[in-house]
Amino acid sequence: QVQVVESGGGLVQPGGSLRLSCEASGSIFSTYAMGWYRQAPGKQRELVAVITSGGSTNYADSVSGRFTISRDNAKNTVYLQMNSLNPEDTAVYYCNADTPRPGTVVRYWGQGTQVTVSS
């Protein structure tokens, strides 16, 4: 069992920045692919950004150029730096860890952290 814990959410004004953190347990964090998803009220959960074990990244079009995902394997932590935030970024942000197992991948989710962009 892998524990995934997000932090760093809060209230920010339009144009502001926030950095989310996500810590995942386990001694082989470096092998996990990690991702950030978000879910706004009344909407489906959507992919925001992912980072592979090798450090390759991918972003949703809506956040590309504004958000940056990164990882620190020594701290078992992945970050989401969010800049130029706008009200449409308001959502609960969830972190996931994709952990390799023999013949499969097991996904674990965190509990989510609220991000509210409002003046």
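These are my notebook entries on a predicted model of one protein chain.

**Ground rules.** I number residues from 1 along the chain as its sequence is written. Local features need pLDDT of at least 70 and side-chain atom pairs count only at pLDDT 80 or more, while totals for chains, interfaces and linings use all residues, and side-chain values use heavy atoms, with hydrogens and water left out.

**Elements.** I looked up the secondary structure and found 0 helices and 11 strands. Helices (H or I, at least four residues) and strands (E, at least two) are DSSP runs, numbered from the N terminus.

**Overall size.** I checked the radius of gyration, taken over C-alpha atoms, against the globule rule of 2.2 Å times the number of residues to the power 0.38. With 119 residues, a compact globule would have a value near 14 Å, and the chain agrees because it has 14 Å. The C-alpha atoms fill a box of roughly 45 × 25 × 25 Å along the principal axes.

**Burial.** I found that 42% of the 119 residues are buried (under 20% relative accessible area with a 1.4 Å probe, protein chains only).

**A look at β3.** Where does this strand lie? I then followed its pairings (two strands pair if DSSP finds at least two bridges between them). β3 pairs with β1, residues 4-7, in the antiparallel sense over 4 bridges. With β8, residues 77-82, β3 also pairs in the antiparallel sense, over 6 bridges. I liked Glu23: this residue of β3 is the bridge partner of Val5, and Glu23 also stands opposite Thr77 in β8.

Definitions and conventions
Buried < 20%, exposed > 50% of the residue type's maximum accessible area, 1.4 Å probe, protein only.
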